Amino acid sequence: MNSLFKRVASPIRLGSKDVRGLFVVVVLLAVLPLFLSGFGLTIATVALMFALMGTGWNMMGGYAGQFSFGHAAYFGIGAYSVAVLLTKYLLSPWVGLLIGGLLAALFGLLTGFLSFRYKLRGPYFALATFAFAEMLRLLASSSSFINKSIGIHIPLVGGDDWARIQFEDTRRNSYFVILFLLVLALATTVWMVRARVGHYMVAIRDDEDAAAALGVNPLRYKLIAVALSGFFTALAGGFYVQYFLFIDPDLAFGALVSIQILLRPIVGGVGTIWGPLVGAGVLSLLGEWTRALVRQPPAFLGFLQGVNGLDGMLFGAILIAVIIFAPDGVVGVVRRIRARAHR
Amino acid sequence: MTETNVATRGRSGSRNSRIALVVFGVAALALLAWVTGWWESHHTIFAQVMVSGLLIGSVYSLVSMGLSLVFGVLDIINFAHGALMSVAMYVAFVLARSYGVDPYLSLLVTIPLMFIIGVFVQATIINPVMDAPLHSQLLLTLGLSLFIQNLLLVLFTGTPRSIELPYASGSLGLGLVTLDFPFRLFGAVVTLPKAIAFIVSLLLAGALFLLLQRTRLGTAIRAAAQDPEGAELVGIDVRRVYLVTFGIGAASVGAAGSLILPFFFVSPTAGETFNIIAFVVVVLGGMGSIRGALAGGFLIGLTQELTQLFVPGSSKLIGVFALFILVLLLRPEGLFGSRT
């Protein structure tokens, strides 16, 4: 009985133990660059970027139960906001990040309102988010204001510039920027889950009609989740542009981006604060491992040399395996093992 | 119409008024075009748009019927539908390129092969999670699609390929009449591969329709769609029905893959566009409605061509997605579906 209760209740609970754990992890992440350089640092930076997107997705898909297959919409809005504001209006990416986040939140509110207004739920809602993202991709590809499908290059200023979030000599600083943004997202999640808002969201996720009958306004709390989720996912998009110095409609709004965003929290554990972090870590290591394998395969796998698509195959297989064998993700598996040990 | 709606129960009362509204709208637009003289200057290109739209629409219908069937019976939005289509395209491509098999003859391979692959996929990875929440199955097909696409990338690289049909332009004797391809219909160009795709798609769609309506298997499929427990009670092996259904869904894209090969590029993501369009068609026609998918395919074919006519320089899909979002928001049960 006790273990059953634990399994049902645990995804919602976020005890002070978890918060302390998060604090420790963030400190560890902050000192990680001391031991990394060059390529390792890039991998870590990208992993944190995925963790940020995943944390954003998790607010809506995990806690509020509104599965999104179109988070590329928010990511792309963030990315293009930074790129356009910088290249056309010479505004600092910091301003771009904020504006991009707000625009994405606004877009989320608008599309979310339309969707929820017409009672789109479950798979229908997922399809709607997908359609909105595709729509943005097509619009971006045909809008000459943002260079159509050619995309936007961010000019390199050279040297280190905190105002432009460009670091030529100390790539380490980029790492700290994304860590800072991730901490913002994590702190917001902790606040959300512990506050009344989060409880309402989880109630709506578990049974929307019951929650509504108890006086919770589903529309309002679903929209709050969408707006927060959009905001933080857009931050990752803005960071992406300043890090890779290039964006085009497919990189911003493509269906693959949406998949990449939801992959981490699902592998890690949907609706848990650890999920996106664990998922980003695991998948980054696996991705690097396959890439290394393809670069220099062992003798018996020689035919894999330089082959494209192996990491995609692996990610697809992982997604399938996770859904079949561990639908609650790595975090869920760890919890089950621990629950068994405690018994 | 209830007997064809595999997913929906009950029927809609206002069907006639809806048809009347559509007819009235089309008539009003036609009148406007005629009065303003737009018709005078545009009728050739308009004919081309209509013909092209209907030709490609038939393929969309075929692809969408498979997707709709899977949705209606298994309650799964199959994100791997397009990836399976890419597989079929590569099978037909390899047969044509390496063994000189005519792409239309390869239908005899792709349809049964894709059926078997579909059954295998359902048996090994989807059946185990049939009782899991909806999004699990959705993600599963997403993972499958990612896997298949990248497998194709590993096997064939991402370079788009195509084949030439040696007899694409020439004449075709049909007893009394001889058709020169590409021939003209009301001033619109019709190429041979598209004409064949149109006819064969319609035939296959009709066959699928009859299969669902007139056979014991079809009855079992519809029963399992309406009420799995009830079907189980009267002795239908629902799990097996699921296998067959997913197989039929895959077979429909198998056929489509062979049919479009002569006028389409093959790449690992070639089927993706069709997958996306099939989503639109299925939502438009009403999830699970076979008749809706048939009609929706043509409607989307026309929409995409009309988009190009009225919004030149943009992607064909913009109009399609605009329509999609509109329908999703205003009539999520689809134009031909009924509220449940």
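# Questions about a predicted two-chain model

Visitor: With 16 C-beta neighbours inside 10 Å, does Ala47(B) count as buried, partly exposed or exposed?
Guide: A residue is buried if 20 or more other C-beta atoms, placed from the backbone, lie within 10 Å of its own, exposed if 12 or fewer, and partly exposed in between. Because Ala47(B) has 16 such neighbours inside 10 Å, it counts as partly exposed.

Visitor: How should the numbering and the confidence limits of this model be read?
Guide: Residues are numbered from 1 along each chain as its sequence is written, while chains are lettered from A and ligands numbered from 1 in the order in which they are written. This is a predicted model, in which totals for chains, interfaces and linings use all residues, side-chain atom pairs count only at pLDDT 80 or more, and local features need a pLDDT of at least 70.

Visitor: Which residues is Ala47(B) in contact with, leaving aside its neighbours within four places in sequence?
Guide: Ala47(B) has its place in helix H2 of chain B, where helices (H or I, at least four residues) and strands (E, at least two) are DSSP runs numbered from the N terminus. Two residues are in contact if their C-beta atoms, placed from the backbone, lie within 7 Å. Phe186(B) lies 139 residues from Ala47(B) along the chain, yet their C-alpha atoms are separated by 6.4 Å. Leaving aside the neighbours within four places in sequence, the contacts of Ala47(B) are Phe186(B), Gly187(B) and Ala188(B).

Visitor: At what angle do helix H2 and helix H10 of chain B pack?
Guide: Axes are lines fitted to C-alpha atoms, for helices over the stretch in contact, and angles run from 0 to 180 degrees between N-to-C directions. The axes of H2(B), residues 38-74, and H10(B), residues 270-285, are 8 Å apart, and the packing angle is about 65°. As angles of 65 to 115 degrees count as roughly perpendicular, H2(B) is therefore described, relative to H10(B), as roughly perpendicular.

Visitor: How many nonpolar, polar and charged residues are in the contact of H2(B) with H10(B)?
Guide: Among the residues that meet are Tyr60(B) and Phe71(B) in H2(B), and Phe274(B) and Val281(B) in H10(B). Ala, Val, Leu, Ile, Met, Phe, Trp, Tyr, Cys and Pro count as nonpolar, Asp, Glu, Lys and Arg as charged, and the others, Gly among them, as polar. On that basis the contact divides into nine nonpolar, three polar and no charged.

Visitor: Which element gives the most to the side of chain A that touches chain B?
Guide: The contact between the chains takes 34 residues from chain A and 37 residues from chain B. Helix H5 (93-117), helix H6 (122-142), helix H12 (255-268) and helix H14 (310-325) of chain A each give two or more residues to this side. With 13 residues, the element that gives the most is H6(A).

Visitor: How many other C-beta atoms lie within 10 Å of Arg264(A)?
Guide: Arg264(A) is found in helix H12 of chain A, and its contacts beyond four places in sequence include Phe50(A), Gly54(A) and Leu283(A). Arg264(A) is buried, and the number of other C-beta atoms within 10 Å is 28.

Visitor: What pLDDT does chain B average?
Guide: pLDDT is the predictor's confidence in each residue, from 0 to 100. It stays under 50 over residues 1-5 of chain B, and where pLDDT is low, the predicted coordinates should not be read in detail. In chain B, 89% of the residues score at least 70, and the average is 83.

Conventions. Parallel < 35°, antiparallel > 145°, perpendicular 65-115°, else oblique.
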